[in-house]
Amino acid sequence: MSGITLQQLAEMVGGQVVGDAQTTVFEALPLQDAANDCLTLIDGAQNVSRVNASQAVAVVTTEAYPQCDKPMLVVTDLHASFAQISQIFRPPQALPASGVDVSASVDSSARIGQGVSIGPGVTIGADCHVGEGCVLHSGVHLLAGCRLGSDCTLFPNVTLYDNTQLGDRVIVHAGCVLGAFGFGYQQRDGFHVRGAQLGWVQVEDDCEIGANTTIDRGTYGKTRIGRGTKIDNLVQIGHNCHIGQHNIICAQVGIAGSSSTDDHVVLAGQVGVVDHTHVGARVRVGAQAGIMRDVEPDQTVFGSPAIPRK
């Protein structure tokens, strides 16, 4: 697209220009990628020297730095403003049109809401319910009895085993499997015999689940992911776990069966949680920590076995 001046951008995002307001930019990129004629961003004085040495022609920031030799667009919310500007140069792709692709297979007993988009190769089993405004990208599989609320997005090759339940505005990224059998066996006569797999997975409103994450069904009842929780890629959550609201669960976390968390818990990358363990509200667990026993609320813990930071 053609260039746009800093003054025009300031009017769009409610910012103020310090320096040449007629500076024209043709792209918005992070500092590490800054190129000729682009706008970049910084979040502190420690990065001003890098901006000065970069090829960027201007910078978005939350305060004016006297030592910065580039024109500055000063805004209140740095990342919200930069995202808004970036979309001018890279507008988001339009959502797929509503309707059912000719290669999709939808059981006659399934109920499909208004404005749903069902992509190529999607299969929807018996007695499923897909709420209005949902988008099911290519290769999604819903086994029998699944329930999706409104405005959910399932990216390619997501698989929901039978009776999986999603609330409203849930995002499930490519390759996720929700509702697979839990990893529970008993030894009988020298053989490993799989336990009951009669439960389901329930994901509440406004959750997001990263690519290739797996969440197992409960043995008898549900495995629950609380409202607003965000789960990264390559996470494993075992059978009968109950995850609280607004948790942040980073990449490669493994949570063994029947464990639980309260609200606003943060589990950093590669944290492991043993079975039947409870993590209290607002706990922060450092990367690669091993949770071996219950953790009381409002603690920061590190190490394996995890102990309080202090």
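**Figure 1. Overview of the predicted model.** The protein contains three helices and 40 strands, where helices (H or I, at least four residues) and strands (E, at least two) are DSSP runs numbered from the N terminus. This is a predicted model, in which local features need pLDDT of at least 70 and side-chain atom pairs count only at pLDDT 80 or more, while totals for chains, interfaces and linings use all residues. Residues are numbered from 1 along each chain as its sequence is written, and side-chain values use heavy atoms, with hydrogens and water left out. Along the principal axes, the C-alpha atoms fill a box of roughly 80 × 60 × 30 Å. Of the 310 residues, 44% count as buried (under 20% relative accessible area; exposed is over 50% and partly exposed in between, with a 1.4 Å probe and protein chains only).

**Figure 2. Salt bridge between E27 and R90.** A salt bridge is a side-chain nitrogen of Lys or Arg within 4 Å of a carboxyl oxygen of Asp or Glu; by this rule the protein has six. In the E27–R90 pair the N to O distance is 2.5 Å. E27 belongs to strand β4 (residues 27–28) and R90 to the loop between α3 (78–89) and β8 (99–100), so the bridge ties together parts 63 residues apart in sequence. Both side chains belong to partly exposed residues, E27 with a relative accessible area of 22% and R90 with 40%.

**Figure 3. Salt bridge between R147 and D127.** The two side chains meet at 3.4 Å, N to O. R147 sits in strand β16 (residues 147–148) and D127 in the loop between β12 (123–124) and β13 (129–130), so that distant parts of the chain, 20 residues apart, are linked. R147 is partly exposed at 27% relative accessibility, and D127 is partly exposed at 41%.

**Figure 4. Salt bridge between R224 and E204.** The closest N and O atoms of this pair are 3.5 Å apart. R224 is in strand β27 (residues 222–225), and E204 is in the loop between β24 (200–203) and β25 (208–209); the pair therefore ties together parts 20 residues apart in sequence. R224 is buried, with a relative accessible area of 18%.

**Figure 5. Nonpolar surface patch of V100, V106 and I112.** The patch covers about 210 Å², with accessible areas from the Shrake-Rupley method. Patch residues have over 30% relative accessible area and no salt bridge; nonpolar side chains (Val, Leu, Ile, Met, Phe, Trp, Tyr) are joined within 5 Å, and like charges within 9 Å. I112 is found in strand β10 (residues 111–112) and is partly exposed at 34% relative accessibility.

Key: Areas by Shrake-Rupley, 256 points an atom, 1.4 Å probe, with all protein chains shown as cover.
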